[in-house]
Amino acid sequence: QVQLVESGGGLVQAGGALILSCTSSLNIDSFDIMAWYRQTPGNQRELVGLWPRRGSSTKADFAKGRFVMSKDLNQNSLRLHMLHVTPEDTAVYYCNAIKRRPMTPEEAYWGRGTQVTVTS
């Protein structure tokens with residue numbers, strides 16, 4: 001069974017930085033797409049950025065210039081480097097991974113999330 005575990009969340013001051021990690025029980029290159037989402041109370045989960053196995057990563061407009069994703073294949077981890085954070089970045093951040101196989105439904109996996117709170 002695939003497990004994704006997020007870590008690295010916590011309290012950070014506005015303007016500061018934080019690194020989130022998503023560690024997978026499988027080789028992360030086995031996923032067709034890995035992504036970070038975030039969610040605030042009462043709102044839908046929104047995409048922060050995604051990284052297809054083949055191709056470059058893409059990010060939401062709010063993340064461009066501030067957030068960077070990286071892969072650590074040795075640790076089976078996808079990281080989200082958050083820079084110049086603002087209180088609007090306060091949310092629960094979730095890791096998502098997708099596997100696609102021919103003639104079968106897409107498999108989507110989620111971690112339990114890690115809380116990021118940015119204080120002003």
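The structure holds 1 disulfide, a disulfide being a pair of cysteine sulfur atoms within 2.5 Å. It joins Cys-22 to Cys-95, with an S to S distance of 2.0 Å. The link of Cys-22 and Cys-95 is left-handed, with -75° about the S-S bond. Cys-22 lies in strand 3 and Cys-95 in strand 9 (residues 91-99), so the pair ties together parts that are 73 residues apart in sequence. Strands (E, at least two residues) are DSSP runs, numbered from the N terminus.

The model is a predicted one, in which local features need pLDDT of at least 70 and side-chain atom pairs count only at pLDDT 80 or more, while totals for chains, interfaces and linings use all residues. Residues are numbered from 1 along each chain as its sequence is written, and side-chain values use heavy atoms, with hydrogens and water left out.

Buried means under 20% relative accessible area, exposed over 50%, and partly exposed in between (1.4 Å probe, protein chains only).

| Residue | Relative accessible area | Class |
|---|---|---|
| Cys-22 | 0% | buried |
| Cys-95 | 0% | buried |
| Phe-62 | 25% | partly exposed |
| Phe-67 | 1% | buried |

Two strands pair if DSSP finds at least two bridges between them. Strand 1 and strand 3 (residues 18-24) pair in the antiparallel sense over 4 bridges. Ser-7 has Ser-21 in strand 3 as its bridge partner.

Aromatic pairs number 3, where rings of Phe, Tyr and Trp (its six-membered ring) pair if their centres lie within 6.5 Å; planes under 30 degrees apart count as stacked, over 60 as edge-to-face and the rest as tilted. One of these pairs, Phe-62 with Phe-67, is edge-to-face, at 6.4 Å centre to centre and 85° between the planes.

Arg-45 places its charged end over the ring of Tyr-94, 3.7 Å from the ring centre. The charged end of Arg-45 also sits over the ring of Trp-110, at 4.6 Å from its centre. The criterion is that NZ of Lys or CZ of Arg is within 6 Å of the ring centre and within 35 degrees of the ring normal.
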